[in-house]
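This report covers an aromatic cluster, charges over rings, a strand and a pocket. Please view the sequence and structure first.

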Amino acid sequence: MTLLAVDRRLAQWLGRREFAQALAWLDTVGAAHAQPALPLELRRVRVALAGRLVEPAAAAARRALAAGAGEALHHLALALLARREQRWDDALAALAQGLQQPGTHPDLYLEQGELLLQRGRHAAAAQALEAALNLLPDSLRAASGLASAVAALGDGARAALIVQQMVARAPATADAQFALGNALRGLQQLPLALSAFERASTHDPARPGPWVNRGALLRRLGRSEEALQAYAQAIALDPASAIAYANRANLLRAMERLEEAVQDYDRALAIAPQDAQVHWNKATTLLAAGHLAEGFAEYEWRWQWSGFPTRRPGFAQPAWQGEPIPGKTLLVHTEQGAGEVIQFLRFVPALAASLQGQGVRLLLQVPAPLQALVAAQAWPGLAAVLGADAPLPPFDRHVAIGSLPLRLGITTLEMLPAQPSLRTATPQQPGDGRLRVGLAWDSGTARDPVHGLRWDQVQPLLDLPGIAWFSLQPPGHGAPPGMPPIEPAGSGFTDWNAVAQAMAGLDLVVTACSATAHLAGALGKPVWVLLAHEARWHWVAHQREGNPWYPSARLFRQERAGEWGDAVARLCEALARQAGQAPA
């Protein structure tokens with residue numbers, strides 16, 4: 001079989017988008033027809049890249065490079081694999097090598113620009129993406145990437161011009177308008193993206209994808225009822241669309257229609273039973289609804305979800321499932337952030353009690369900033385408290401701290417321990433007659449601004465008389481320059497033990513949804529929590545102001561997503577009464 005015949009047959013496979021089958025066929029061609037190795041390796045790379053089959057593409061590229069070939073696509077394949085494995089420098093080096101090969105390489109410039117943009121190197125990204133766009137003037141990926149890069153460099157006018165050109169150049173077809181909508185959505189041009197998806201639906205009324213994306217955009221634009229209608233239309237067009245059911249479930253959850261949301265998650269899972277993100281969303285919805293038995297069973301899917309913030313530990317020892325383990329050493333290992341660990345710490349004493357009499361040695365691993373506070377609890381039956389950055393001693397079984405409710409059979413909210421789970425020995429400090437209130441206004445993570453407040457949004461609190469305010473913000477997160485500072489509650493927060501000691505001298509803590517809220521609640525300190533409209537599951541949706549996880553908490557929820565004014569005003573009114581400045 002000649003290489004021309006090979007290419008003709010490959011074109012048929014690729015036309016049907018049967019990339020894996022094409023690669024398998026190439027293997028038979030090489031074995032049966034004794035074709036030269038290098039031409040076939042190049043074709044393997046091209047087929048695998050077309051199907052985004054990164055590992056086969058990289059394997060073929062390595063074989064070709066080892067044989068002395070120097071095709072640019074070989075380096076692109078290696079770059080894609082390195083990028084998937086988060087080896088950013090290796091990816092950039094492979095792209096640079098590929099760009100040194102003869103010819104024009106728009107795909108390499110595009111990949112290089114997107115990677116540089118992801119790494120925050122905006123000037124270099126703009127240069128690479130402009131080269132890609134010059135070679136591929138109709139590429140929405142290149143145009144949208146370039147718009148993002150120049151906007152990050154402060155050239156908003158040019159970014160807007162690029163967006164206008166994207167809209168003007170897009171052909172009036174369903175495929176083109178759908179792709180345009182996705183590109184504009186990535187640029188946060190939501191009204192323009194919505195219009196593009198509407199045009200895609202006009203050109204192809206039977207296509208469900210634009211309706212799904214319209215639903216997502218309408219939700220972000222605050223048009224929830226219209227979003228529900230869009231998802232209903234997508235489902236009518238394709239009753240087997242797992243993503244339509246899953247997205248509608250997410251919207252119903254945001255609308256606090258939790259039972260309906262769970263039904264839609266179940267419909268999505270009936271179609272795609274291994275979708276770990278849907279399992280995770282169902283788990284947190286069940287937990288928010290107070291259904292702990294089902295919720296914590298689903299919660300185990302978190303380890304399968306690629307978006308979960310903690311990677312599954314690769315321990316060689318088996319996981320503990322709750323079985324008797326006489327004479328063994330059990331490690332309870334940390335996961336997620338400090339707030340989640342604090343929430344689940346309440347189950348450690350119960351775990352130690354359940355193992356009493358078995359001769360089990362119990363080890364507890366926590367984030368390093370929590371180690372001193374947890375060690376000071378001196379819980380019976382706990383052999384050691386280890387920082388997450390410390391080497392692990394030998395152990396026989398392990399369990400994640402977030403799995404303890406499931407292992408211990410915690411099935412209802414009424415089974416939660418009622419007493420504070422943490423204590424601190426620092427005595428109450430004498431005051432001057434004013435209410436001593438600690439304040440933490442951001443969520444503690446730049447990746448999640450939805451749950452935190454800006455400094456200017458908490459300013460009305462500081463104007464209330466009769467209150468001495470103290471900052472519980474971590475170092476470097478105080479009031480912005482030029483704003484009046486508030487006194488720190490301690491001399492410097494080096495860990496959560498120092499924060500706990502500072503809280504002991506306060507009458508009240510006011511905080512956004514953060515680890516600070518969890519800590520105050522775990523200490524039994526009166527804590528008022530400002531919550532986003534779509535609050536995290538810990539705060540239990542049906543209890544509007546109270547919380548069964550933290551009985552000392554009082555909740556002030558947003559009435560509308562993104563608008564803090566009403567919640568802050570209600571907290572101000574309550575705080576004024578607390579300080580004796582307004583009639584009860």
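## Aromatic cluster

W280, F296, Y299, W303, W305, F308, F344, F347, W537 and W549 form one aromatic cluster. The model is predicted: local features need pLDDT of at least 70, side-chain atom pairs count only at pLDDT 80 or more, and totals for chains, interfaces and linings use all residues. Residues are numbered from 1 along each chain as its sequence is written, and side-chain values use heavy atoms, with hydrogens and water left out.

The whole structure holds 19 aromatic pairs. Rings of Phe, Tyr and Trp (its six-membered ring) pair if their centres lie within 6.5 Å; planes under 30 degrees apart count as stacked, over 60 as edge-to-face and the rest as tilted. F296 and W549 have ring centres 6.5 Å apart and planes at 75°, so they are edge-to-face. This pair links distant parts of the chain, 253 residues apart. F296 is in helix α18 (residues 292-299), and W549 is in the loop between β9 (527-531) and β10 (553-557). Helices (H or I, at least four residues) and strands (E, at least two) are DSSP runs, numbered from the N terminus. Both F296 and W549 are buried (under 20% relative accessible area, 1.4 Å probe, protein chains only).

## Charges over rings

A charge sits over a ring if NZ of Lys or CZ of Arg is within 6 Å of the ring centre and within 35 degrees of the ring normal. R214 places its charged end over the ring of W211, 3.9 Å from the centre. R207 lies over the face of F178, at 4.7 Å from the ring centre.

## Strand β1

Strand β1 (residues 329-333) is mostly covered, with 5 of its 5 residues buried. T329, L331 and H333 point one way; L330 and V332 point the other way.

β1 pairs with β2 (residues 361-366) in the parallel sense over 4 bridges. Pairing requires at least two DSSP bridges between two strands. β1 also pairs with β4 (residues 397-400), in the parallel sense over 4 bridges. V332 has bridge partners L364 in β2 and V399 in β4.

## Second largest pocket

The second largest pocket has a volume of about 240 Å³. Of its 14 lining residues, P137, D138, Q165, M166 and R169 are the closest to its centre. α9 (140-152), α10 (156-169) and α11 (174-186) each supply at least two lining residues. α10 gives the most, with 4.

A pocket is an open set of points on a 1 Å grid over the protein atoms alone, where a 1.4 Å probe fits, with protein on both sides within 12 Å along at least five of seven lines; lining residues have an atom within 4 Å of a point. Volume is the space filled by probe spheres set on the points.

Notes: Buried means under 20% relative accessible area, exposed over 50%, partly exposed in between (1.4 Å probe, protein chains only).
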